[in-house]
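Please keep the sequence and the structure in view while reading.

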Amino acid sequence: MSAPLGIFGGTFDPIHYGHLRSVEFVAQKLRLQQVCFVPVATPAHRSAPQAHARHRLAMLELALATHPRFRVDTREIDRGGPSYTVPTLQSFRDEDPARPLCLLLGVDAFLHLPTWHRWRELWDLAHIAVMRRPGWSAPATLPDWWQQHRCNGEFRDCSAGCIVTIETPLLDIQATVIRQHLRAGIDASDAVPVAVLEYARRHRLYEATTGESMHAV
Ligand code: ATP
């Protein structure tokens, strides 16, 4: 069976080291051949991003330029409208029916899975790798759907349907805090690649005059 393709969706408003370091860790652990970063057009479960899609894309390109196994995938932005994950996974699946897919999710996003559109179809389309995040943990008793799909360590010999929890490094970085810092003129270079910071500054993406959601798709 071929190596799984990683798929990592998000608003990336902006991309930061919490995303990059966690995904690097998972990619190495699960020997993912490639990881596609898929920026959302309109998020289905949260407020619209502050920066316009073209800026979020440009920042992603800058951040991923030094990662040969990471690439930006624009299919949700090209599709427009609410960015539901199941149709996105289905379109990856249609490109190569045999290749295993692995959806990467922070535990905060993962715990909301049962609120997602057509979420029960996920198990036919992809594996899920759950990444740790400070302030979030698995419940003491796992819900039935988690128990049912949980597998230890590596994926079983199939192209979809397993949940693995990866002990990623805990990185206390949030895009919301980064936007607040940039608005207040506080240095964020410990959380964001310098090329991304320079881009955000040049385009005045997170300054006090640019209100939240002003530049949504
Ligand atoms: P915001 O503060 O705007 O909500 P965010 O980084 O949490 O920003 P997204 O860019 O949409 O939001 O996150 C994309 C994915 O990255 C989600 O699965 C989220 O759980 C995960 N993620 C975000 N930050 C971290 C982090 N510090 N560690 C691990 N996973 C993270």
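The model is predicted. Its largest pocket holds about 1200 Å³ of space, and its largest nonpolar core contains 43 residues.

**The largest pocket**

- Six elements each contribute at least two residues to the lining: the strands β1 (5–10) and β4 (101–106), and the helices α1 (17–29), α4 (85–95), α5 (107–110) and α8 (175–183).
- By residue type, the lining consists of 21 nonpolar, 16 polar and eight charged residues.

**The nonpolar cores**

- Within the largest nonpolar core, Ile15, Leu30, Phe37 and Met59 touch the most other members.
- Two or more residues of this core come from each of α1, β2 (34–39), α2 (53–64), β3 (70–72), β4, β5 (127–131), β6 (163–166) and α9 (194–202).
- Helix α2 makes the greatest contribution to this core, with six residues.
- Beyond its neighbours within four places in sequence, Met59 is in contact with Pro14, Ile15, Ala51, Val196, Tyr199, Ala200, Leu205 and Tyr206.

**Helix α1**

- Helix α1 has 13 residues, and the distance from its first C-alpha to its last is 18 Å, close to the 18 Å expected at 1.5 Å a residue.
- Its buried residues are Tyr17, Gly18, His19, Leu20, Ser22, Val23, Val26 and Ala27.
- An α-helix has 3.6 residues a turn, so residues three or four places apart point the same way.
- Just after α1, Arg31 has a positive phi of about 50 degrees.

**Helix α2 and His55**

- The end C-alpha atoms of α2 are 16 Å apart, which agrees with the 16 Å that its twelve residues should span at 1.5 Å a residue.
- In α2, the buried residues are Ala53, His55, Arg56, Leu57, Met59, Leu60, Ala63 and Leu64.
- These buried residues pack against α1, β2, β3, α3 (75–79) and α9.
- His55 belongs to α2; His55 counts as buried because its relative accessible area is 9%, which is under 20%.
- Leaving aside neighbours within four places in sequence, His55 is in contact with Tyr199, His203 and Leu205.
- Although His55 and Phe12 are 43 residues apart in sequence, their C-alpha atoms are 9.9 Å apart in space.

**Leu89 in helix α4**

- Leu89 is located in α4 and is buried, with a relative accessible area of 0%.
- Apart from neighbours within four places in sequence, Leu89 is in contact with Ile7, Leu101, Leu103, Leu122, Leu125 and Ala126.
- Leu89 and Ser159 are separated by 70 residues in sequence and by 12 Å in space, C-alpha to C-alpha.

**Trp123 in helix α6**

- Trp123 is part of α6 (residues 122–125) and counts as buried at 10% relative accessibility.
- Not counting residues up to four places away in sequence, Trp123 touches Leu113, Ile128, Trp145, His149, Ala160, Gly161 and Ile163.
- Trp123 and Arg21 are 102 residues apart in sequence, and their C-alpha atoms are 26 Å apart in space.

How values were computed:
Residues are numbered from 1 along each chain as its sequence is written. This is a predicted model: local features need pLDDT of at least 70, side-chain atom pairs count only at pLDDT 80 or more; totals for chains, interfaces and linings use all residues. Side-chain values use heavy atoms; hydrogens and water are left out. On a 1 Å grid over the protein atoms alone, a cavity is a set of points where a 1.4 Å probe fits but cannot get out, and a pocket is an open set with protein on both sides within 12 Å along at least five of seven lines; lining residues have an atom within 4 Å of a point. Grid points are joined across faces, edges and corners, and a volume is the space filled by probe spheres set on the points. Helices (H or I, at least four residues) and strands (E, at least two) are DSSP runs, numbered from the N terminus. Ala, Val, Leu, Ile, Met, Phe, Trp, Tyr, Cys and Pro count as nonpolar, Asp, Glu, Lys and Arg as charged, and the others, Gly among them, as polar. The expected span of a helix is 1.5 Å times one less than its number of residues. Buried means under 20% relative accessible area, exposed over 50%, partly exposed in between (1.4 Å probe, protein chains only). A nonpolar core is a set of buried Ala, Val, Leu, Ile, Met, Phe, Trp, Tyr and Cys residues joined through side-chain atoms within 4.5 Å. Contact means heavy atoms within 4.5 Å.
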